[in-house]
Amino acid sequence: MTMTANPVTLSASALKADVLRHLTFTLGKDAPHASVYDWRMALSFAIRDRIMEPWFASTRRTWAEDRKRVYYLSMEFLIGRLLEDATINLGLREIAEAVMADLGQDFRVLVEDEPDAALGNGGLGRLAACFIESMATVGCPAYGYGIRYEHGLFRQRFENGQQVETPEDWLTTRNPWELERPEACYTIGFKGQIEQRNGRDVWVPGETVIASAHDMPVIGWQGRWANTLRLWAARPTTLFNLERFNRGDFTAAAEPETLARTLSRVLYPDDTTYQGKELRLKQEFFLTSAALQDILRRYLANHTDLEALPGHVAIQMNDTHPAIAGPELVRLLVDDHGMEFDTAVATARGCLGYTNHTLLPEALERWATFTFGTTLPRHMQIVEQIDSWHRRAYPSRPHYVGIVKHHEVRMGELAFIMAHKVNGVSALHSELIKTNLFPELNRLHPGRIINETNGVTPRRWLRMANRPLSALISQTIGEGWEDRLDRLRELEPHIEDRGFRDAFAAAKRANKVALAGWVSQQLGISLNPDALFDVQVKRIHEYKRQLLNILQTICHWHRLRANPGGNWVPRVKIFGGKSAPGYAVAKEIIHLINDVATVVNADKVTGDLLKIIFPPNYNVSMAERLMPAADLSEQISTAGKEASGTGNMKFMMNGAPTIGTLDGANVEILHEVGEENFFLFGLTAAEAMARRQDPDHARKAIEASPGLQDVLQMIAEGRFSPDQPDRYHGLVHRVWHHDYFLVASDFDAFDRAQSEVDMAFAQPDRWARMAAFNTARSGFFSSDRTIRSYMKDIWSIPSAL
């Protein structure tokens, strides 16, 4: 049985009537006095109306056929703007644009008026958003569970080149895509004590809050299926203390509400303090407990046998943040439903899957037993029971392996032990999980670790973000490739046609012209659209090596100054990304990039041969501008440190060749596109590990590289910080003496690869061929393929379509 896409047949007159009806009756405005906000909200409500029927129909079918559901738990869902995305998936983009033009409104202006939902930070959250959309597209019944952050991560701005964090304000106006569900609310406890009642341990929380649901429908391609993203907001159990208020203690009277709202106020609070650590643990439990209570409530509405739960429920933990799901599900089954402990563990494991996203041990999350036990005392007991159970079940387990070790609760090990499947997100990453991250657990549980290479949704990242290229694709191979991205291979014969290559290059140039206009408007910097647009946008972290990029940029600038009349390829270096507020080194790298940009962009000697831009507050909407305009994709992480990456896939899809290391999904991109269409450099993961065994590796690499020596000397002398010459002495010292991420060791190879880029870009027809092959061979990286693989290998769920 399939579901038809009735919204696709919507007439322009009907949509216009709906927009005007919402303008009048939902927003209380008439057309002559309506603002851009009013028109955008009216159109959003009219489009949302068209989502309701497939959403209801999908839900009814799932209930009627008693289908197994996926429940995707993630601290982040970086969904971006939804208005244009919804019109694309419903097939209403052109109709909506025409209707609004008829009403005197520019559709593009309305789209730009929508704030980005501040529900994530980087790749983890964007992957979750791509996955929930792909689940709807392929007909996988699913709920996404997250937190409805009021202020998200933070809004980034620069003051004198330094990152400054201010609150995001995406919820200061009404969100037209969400529906409040006051009937779906659950009590979440913290702290307190354990009491013995009738021979059983009973948790009596010392603090409680209410998790209140807000639903957002997620529509798949052509409106054939829709799923739900359910976000939890925290409310106080006791709203207001009137007695304290009447005594004049106004602040204390509102304290319960203030404390509750703190839980859903900010994503990833700074955890350099004990209070920050406790808040972060509370957030993770808040999300997980609310989701699990909701899952069990839904299951028990139609079933009575909780031991059969794995046949109807698949719970995917997106990284270690929801790893508390194992002990919390055991607690609910044992304490609330009377199940025996061993049976509860087996039932929970049958439901739970764990996606690992990092090879950095510090990112796996470890909680001090004091913090964990104080905040979640019953769960501390259960975690210790699970650890003891696992040790008894696997007596060959080494003594140094376990969940509770050295006064810490290890969330990675907890997630592994409580999941029936553990997956990495690229082929290399999955192998490194087996050999480097969890080697002992892998030996105890052979076959548990599998690979599910990441993907991205082509509806947003190609069809919507890159209209010139998507139009060329449809013109060349026909319609219908958006949910069958392997069809992009059909472009390959056309790449041999000079006319197609010229059209491909023209589409790219149109995107570059559009980006140059935006940069001029936002930053006041004029860009040459015929220059090479070289882009590195991602979270600022030492392993992602923005430092390597800016050091090589300085080296290139130094060469330009020495011979400004040379036959150089003009280049625009584009950076984007945020540093965690407490990550001092990453913030210093941001400062250095901005200081270098100030000097280089004002240099009359080099002029338009080199520009550096770093637009603040990188988010999904900025990515949708940058990626279609990129000529070169910078994926230069230290080999063995990036789990996968998804930006690399988006750039590839949009026709930007990669300069990169053999890390993460770069390995698979290289396999798909071929060495002739990829600029490879740097140490392999094995070579990187071997290099670190030499304590003098950095000094030796620097002494062997005159170019790097010059760059470090310029920075150390204050060439880019004349007001404070010693500003970057700490960074320079790290490169010389604490270069764990091997910036110095890879510098010369990176510099040579950049020269190869220049030589290729100087041949426009060769570059157009390379760019087109990247797009043509990107079909493997559709998140639809990834989700179908999860459905088969982990969730055991057939498609409803």
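Tutor: A definition to begin with: the expected span of a helix is 1.5 Å times one less than its number of residues. Helices (H or I, at least four residues) and strands (E, at least two) are DSSP runs, numbered from the N terminus. This is a predicted model, in which local features need pLDDT of at least 70 and side-chain atom pairs count only at pLDDT 80 or more, while totals for chains, interfaces and linings use all residues. Residues are numbered from 1 along each chain as its sequence is written, and side-chain values use heavy atoms, with hydrogens and water left out.

Student: What distance does helix α33 span between its end C-alpha atoms?
Tutor: Helix α33 covers residues 783-795, which is 13 residues. A straight helix of that length would span 18 Å. Between its end C-alpha atoms, α33 spans only 16 Å.

Student: Which residue caps the N-terminal end of α33?
Tutor: Look for a polar contact, a pair of N or O atoms within 3.5 Å; within protein, one must be able to donate a hydrogen and the other to accept it, and residues adjacent in sequence count only if both atoms are side-chain atoms. Here a side-chain oxygen lies 3.1 Å from the backbone nitrogen of Asp784. That oxygen belongs to the cap, Ser782.

Student: Is Gln754 buried or exposed?
Tutor: Buried means under 20% relative accessible area, exposed over 50%, and partly exposed in between (1.4 Å probe, protein chains only). Gln754 lies in helix α31 (residues 743-761). Contact means heavy atoms within 4.5 Å, and beyond four places in sequence Gln754 touches residues including Asp534, Arg571 and Glu634. With a relative accessible area of 2%, Gln754 is buried.

Student: How many salt bridges are there?
Tutor: Side chains of opposite charge can pair when their charged atoms come close. The rule asks for a side-chain nitrogen of Lys or Arg within 4 Å of a carboxyl oxygen of Asp or Glu. By this rule the count comes to 73.

Student: Why are Asp18 and Arg21 separated by about one helical turn?
Tutor: Asp18 and Arg21 form a salt bridge, with their closest N and O atoms 3.4 Å apart. An α-helix has 3.6 residues a turn, so residues three or four places apart point the same way. The separation is about one turn because both residues sit in helix α1 (residues 12-25), 3 residues apart.

Student: How many residues apart in sequence are the parts that Asp765 and Arg498 tie together?
Tutor: The closest N and O atoms of the Asp765 and Arg498 salt bridge are 3.5 Å apart. Asp765 lies in helix α32 (residues 764-776) and Arg498 in helix α21 (residues 498-523), so the bridge ties together parts whose separation in sequence is 267 residues.

Student: Which residue forms a salt bridge with Lys512?
Tutor: The closest N and O atoms of this pair are 2.6 Å apart. Lys512 is in helix α21, and its partner is in the loop between α24 (620-629) and β20 (632-635), 119 residues apart. Both residues are buried, and the partner is Asp631.

Student: Which side chain makes a polar contact with the side chain of Gln635?
Tutor: Gln635 is found in strand β20 and counts as buried at 6% relative accessibility. Among its contacts beyond four places in sequence are Phe651, Ile659 and Asn666. The polar contact, at 2.7 Å, is with the side chain of Lys538.
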